[in-house]
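Hi,

Here is the structure I said I would pass on. Have a look at it first, and then read on for what turned up.

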Amino acid sequence: MSIGVKDLQGIAQKAKHMSVEDVLKYLNVDPKTGLSSEEVKRRLKEVGPNEIPEKKVSPLRKFLSYFWGPIPWMIEVAAILSAIVHHWEDFWIILSLLIINGVVGFWQEHKAENIMEYLKQKLALEVRVFRDGQWKTIPAKELVPGDIVRLRMGDIIPADVKLIEGDFLTVDESALTGESVPVTKKVGSVIYSGSIVKRGEMTGVVIATGLSTYFGRTVQLVQTAKTTTEYQKLVINIGNYLIVLSIIMISIMFIVELHRGKPFLDLLRFALVLTVAAIPAALPAVMSITMAIGAYELAKRQAIVTKLVAIEELASVDTLCADKTGTLTKNQLTVENPIAWSGFSVDDMLFYAALASKEENKDPIDLAILRTIKNKEKLGTCKQIKFVPFDPVIKHTEAVVECGGKQFKTAKGAPQVILQMVNADEKLTSEVMGKVEELASKGYRTLGVAVDSGDGWKFVGLIPLFDPPRDDSASTVKFLKRNGIRVKMITGDHIAIAKQIARILGIGTKIHTADELEKTKGHELIRLCEEADGFAQVYPEHKFKIVKSLQEAGHKVAMTGDGVNDAPALKQANVGIAVSGATDAARAAADIALLAPGISTIKNAIVEARKIFQRMHSYVLYRITETIRVLFFITLSILAYNFYPITAVMIIFLALLNDLPIITIAYDNVKINRWPEKWNLREVLTVSTIIGTMGVIETFLLLVIMIDYFHISPTTASGLALLQSIIFLKLAVAGHLTIFVTRTRGPFWSIMPGKWLFWSAVGTKLLATLMVAYGWGVTAAGWKYVGFVWLYCLIWFLIEDVTKRAAYRFFSWEVKHQHHKAAF
């Protein structure tokens, strides 16, 4: 029997008050086989994908938005004023450049949006679904009403679900209802899309998807950051500073020129255009594309950024708290020399441990035990009636099993927990824990196994598990230390195991336990966390305490995690990192999600983040320098000489020619610093002001040379036009050469520029040169003056580069101080 779209959508409101049998009958699904592939296709076509459609702005509307706002308004008013005073050539040039600026901005934003869409797809939620009689993993957006799904600890509920089988789920609905206390759900309960499973494991049937869900939305992992980072604050402050500076300088020029009798409309048009040139109009585009390109590069290195602001934070991290299992080690557990107890055989012990495992959960410990067991046929004759999955609170798994008509219970987990279950006496506890200590000192993690055949729990034995360090962990730890980042290992394992692995990896052996964390308070706790090389036998709540203490000591902390209980620590950290295979809840709480296992992926992400920081640093330095150079020169030369050194159209040309290459700084080659990055506003402002002031002096000097030595008179129309073309070329060439000065701390040749930056700068310089040489849109100056300007600019370029290096040397004590502080 086929079910219609209205019936599929109508079930959501009724399901809460219907029995499980009635819901399954209504949805026409057999829980023993699930939906067929053909039926899924039909339902997907009828109800649509399980997602909330985003409101898309039409491309035309988005393009037109580039002509609406303070900066476009000023350019548009300048064009209108040109038409009013009948400067038609200027009008068409300004209008053309306004359109070109809009096209470039639209293209850059479109590219950034495509990258973010790519990142969203990489982090799409996945769900375990029962179809065609088999369990499979599919993207959550492919779910349809009637699908049978398996939900367990750490999952984000992908749709509205009626629970049909299992013991219980503890669900956190705080993100949806505001209720902070998790609620317990059992068979017959309805759980809603977007809530998080904190404990338990159950099967359910999907009753609503997409827009039909109770809350009408799904949780998306890739989030748009609403916080303002240090970089954003810095750029906003610099932008405001440049705007205020521009308004003051231009107002002075406007009042003086008005007093001199210049036509009001011409003066207003020139002032508007000069303001446009002085204000960092390309700032939003440069920021978004630099961040987006950086996020794409990180994605290629298997690190998906869920919040763009994390890129800047990652560049400043000086402490990495890393999980041992799966991050520093391979998470490829092998069973080594099991030890049976109390008359049980090793085969018996492994058999009982396998019965307390669940293969479909893909737990590494369960899989290691199931790989080791010899008598798989005997295992197939037994049936799990009830299964309690592992969680960090109970620290064991437990199952009720039926074999050959006989029912019994079996459990495996942390030895101390299993000993409590069997009510072990002092002798047994001493013997077992002594063996655990011995194995731990050799790097083995040990599980205890127990069985209850109806006469109480009995201790069966120990299963030593070995998880070898990853091949790249030691070299990566060494690299991070060398680059100012201290690695602290965090593990729930025994302290002896932690010390052994930390020793092998070169992390250090100053390992503390959870008990020490509990006993220590205040400043002593902060000191303990700072000095420690790692922590063992910790619960997830201890991770939060460690991160908080390190932050109180002034450190920028990155924290790795994989479970739902890691979410508080991941949120608290400056950069939360969900490792490969992490739960949906951990990925949702994190700033970065890793798709590949291992610490080297984190290293790659940090290196890329520091590169992005360097590119943004170059942009900020260049932007301040160029504003000072152009704004101060034009304003002061008008006040001193009583003529416009360049025309309004030339200023528009100059702004466009400068913005095109600087946008490509997102692709530039950079060299990372060997210490965490931090904004030094005093250094940025001082260096940029020195270079900008030199630019003002050199342009003034060129003006003097042209008037006094080349005898070009600004009092004649032809002389003024020629002077304006020469100054335009000088500002264009010198501006682009400044990009190559500001992008390095050392000599300009110390780092080869990226090909996009290099060729865009060469191309725009060539265009400006041809414009002035042949008179394209400006008065032709000829190759004699063009050659002189180029030679003049190149000489000053070398002088600026030497001056820049001297300025950085002046600040070298501060750089060394940062390096010393970051080194451990």
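Which residues of helix α3 (residues 37-47) are buried? They are Glu39, Val40 and Arg43. Because these residues cover an arc of only 100 degrees around the axis, they sit on the same side of α3; the arc is taken from the directions from the helix axis to the C-beta atoms. In general, an α-helix has 3.6 residues a turn, so residues three or four places apart point the same way. Turned away from the buried side of α3 is a face with the exposed residues Glu38, Lys41 and Lys45. Here "buried" is under 20% relative accessible area, "exposed" is over 50%, and "partly exposed" is in between, with a 1.4 Å probe and protein chains only. After α3 comes Gly48, with a positive phi near 85 degrees.

Before you go further, note that this is a predicted model: local features need pLDDT of at least 70, side-chain atom pairs count only at pLDDT 80 or more, and totals for chains, interfaces and linings use all residues. Residues are numbered from 1 along each chain as its sequence is written, and side-chain values use heavy atoms, with hydrogens and water left out.

Now the overall picture. The protein has 31 helices and 22 strands, which are DSSP runs numbered from the N terminus (helices are H or I, at least four residues; strands are E, at least two). Of its 824 residues, 56% are buried. If you take contacts (heavy atoms within 4.5 Å) between residues at least 6 apart in sequence, 72% of them join residues at least 24 apart. The accessible surface is about 35400 Å², and carbon and sulfur atoms account for 59% of that; areas come from the Shrake-Rupley method with a 1.4 Å probe, and for residues only the protein chains shown count as cover.

On to the cysteines. Searching the whole structure gives 1 disulfide, meaning a pair of cysteine sulfur atoms within 2.5 Å. The partners are Cys382 and Cys403, with their sulfur atoms 1.8 Å apart. This pair links distant parts of the chain, since Cys382 is in strand β12 (residues 382-388) and Cys403 in strand β13 (residues 396-403), 21 residues apart. The torsion about their S-S bond is about 125 degrees, so the disulfide is right-handed. Both Cys382 and Cys403 are buried. Cys529, on the other hand, is in no disulfide, and the nearest cysteine sulfur, from Cys321, is 8.3 Å away. Cys529 counts as buried because its relative accessible area is 0%.

Next, the packing. The largest nonpolar core contains 124 residues, and Phe270, Leu320, Ile634, Ile646, Ile726 and Phe728 have the most contacts inside it. By nonpolar core I mean a set of buried Ala, Val, Leu, Ile, Met, Phe, Trp, Tyr and Cys residues joined through side-chain atoms within 4.5 Å. Helix α25 (residues 599-641) gives the most to this core, with 20 residues. Apart from this core lies another of 27 residues, including Leu333, Leu379, Phe387 and Cys403.

Thr329 counts as buried because its relative accessibility is 0%. Leaving out residues up to four places away in sequence, Thr329 touches Lys324, Asp467, Pro468, Pro469, Arg470 and Ile501.

Cheers
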